[in-house]
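Here is a short briefing to read alongside the coordinates. Please have your viewer open, as the points below are grouped by topic.

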Amino acid sequence: MVVFLVVLLLVICPLAATQDPSLNTMPQYIITIAVVSHNRLSSLDRLCASLKKLRNPNGVQVHLSFNMESASSKDIMDLVSNFQWTHGDKFTKIRIIKSGDIISVTEAWYPGDPFEYGLILEEDSEISEFALIWIHKMLGLYHTGSFGQNGLDLRMVGLSLHGPMFVETLDGRSHDLPLLPASAARNISGDEQYPYLSQRPSSAGTLYFPEFWKDFVQYLSSKAHIGRDAFIEGSVTNDWERGWKKHLYDFLEFKGEFLLHPNFRNRTAIATNTIDPSEEQMAIINKGGEGARRVWYTIKAERVRISVPLIASQE
């Protein structure tokens, strides 16, 4: 049976962007932030407000790509068109037909350079102003070999900006099993803020390494041709009818690769997911009655499990 796997890293990674001489030896890199929109104006507006506050003291080139659905409203397109971005180029893509999230997410970004990293944000996400600082610090440690214990650097394929609060994959009791990385880190190292590796992808915001994303897209393309669905023994992901995370779980487990997660005090994170109602859920909510109450109950329960406060300082 596959279980939720957590590996603690034997290195302390504070958020503060201290002057580390080893960071000067890391290769120059580019980040593309790919925003995936599902036609929710208030959600996208909130995400854009948080993007506007991003600090970039290291002068990293950061491009911004808006990926819009075919039925995007005029208000949404005006928001995107008028959004000012100062850290790099801004692009807007709009689909000609409505697509599911597997296509909309996996086609939102593809690396065009060996050192181009993709930060994928769904529109009901919110990001901390310190995100680029933390990413720069983690990539510096990665490229200078600080994650090299037991070959972990070779198995690390991305940086999750969100630390999960619950195990969501164990069949039968997923949402009843809290994830307590701080407690484990404190028992092992004496410091509860050690970051950790896991095979748990997050839709709240993850920076993917270029070669991994290329392999994942090729993997999805191959599965589409042979009609194979994602399957992990003993995992509730097998029951998910759709969703790109189901396939990402499958690929991470198949490859034995991991994402690095932050582990700050009080469960704060670099990014969070606000769990806003989808278009389909809003249609049910607008009808009122018992159906609307069930939808709101589900949304509120998900917010308890997933939404976390953003880190508010560099300490």
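In this predicted model, helices α9 and α10 cross with a left-handed sense. Their axes lie 7 Å apart, at an angle of about 135°.

**The α9 and α10 pair**
- Helix α9 covers residues 279–287, and helix α10 covers residues 289–306.
- On the α9 side, the contact is formed by Gln281, Ile284, Ile285 and Lys287.
- Facing them from α10 are Gly289, Gly291, Ala292, Val295, Trp296 and Ile299.
- By residue class, this contact holds six nonpolar, three polar and one charged.

**The α1 and α2 pair**
- Helix α1 (residues 41–52) packs with helix α2 (residues 74–82) at an angle of about 10°, and their axes are 10 Å apart.
- Angles under 35 degrees count as roughly parallel, so α1 and α2 belong to that class.
- From α1, the residues in the contact are Leu41, Leu44 and Asp45.
- Their partners in α2 are Asp75, Ile76, Leu79 and Val80.
- Sorted by class, the residues of this contact are five nonpolar, no polar and two charged.

**Loop residues with positive phi**
- Which backbone angle deserves a look at Asn39? It is phi, which is near 70°, a positive value in a residue other than glycine.
- You will find Asn39 in the loop between β2 (30–36) and α1.
- Asn39 has a relative accessible area of 17%, and it counts as buried because the cut-off is under 20%.
- Ile275 has a phi near 50°, again a positive value in a residue other than glycine.
- The loop that holds Ile275 runs between β11 (271–273) and α9.
- Is Ile275 buried or exposed? Its relative accessibility is 14%, so Ile275 counts as buried.

**The protein as a whole**
- The protein has 10 helices and 11 strands.
- Of its 315 residues, 51% are buried.
- Taking contacts between residues at least 6 apart in sequence, 83% join residues at least 24 apart.

Notes: Residues are numbered from 1 along each chain as its sequence is written. This is a predicted model: local features need pLDDT of at least 70, side-chain atom pairs count only at pLDDT 80 or more; totals for chains, interfaces and linings use all residues. Side-chain values use heavy atoms; hydrogens and water are left out. Axes are lines fitted to C-alpha atoms, for helices over the stretch in contact, and angles run from 0 to 180 degrees between N-to-C directions. Helices (H or I, at least four residues) and strands (E, at least two) are DSSP runs, numbered from the N terminus. A crossing is left-handed if the near helix is turned anticlockwise from the far one by less than a right angle, and right-handed if clockwise. Contact means heavy atoms within 4.5 Å. Ala, Val, Leu, Ile, Met, Phe, Trp, Tyr, Cys and Pro count as nonpolar, Asp, Glu, Lys and Arg as charged, and the others, Gly among them, as polar. Angles under 35 degrees count as roughly parallel, over 145 as roughly antiparallel, 65 to 115 as roughly perpendicular and the rest as oblique. Buried means under 20% relative accessible area, exposed over 50%, partly exposed in between (1.4 Å probe, protein chains only).
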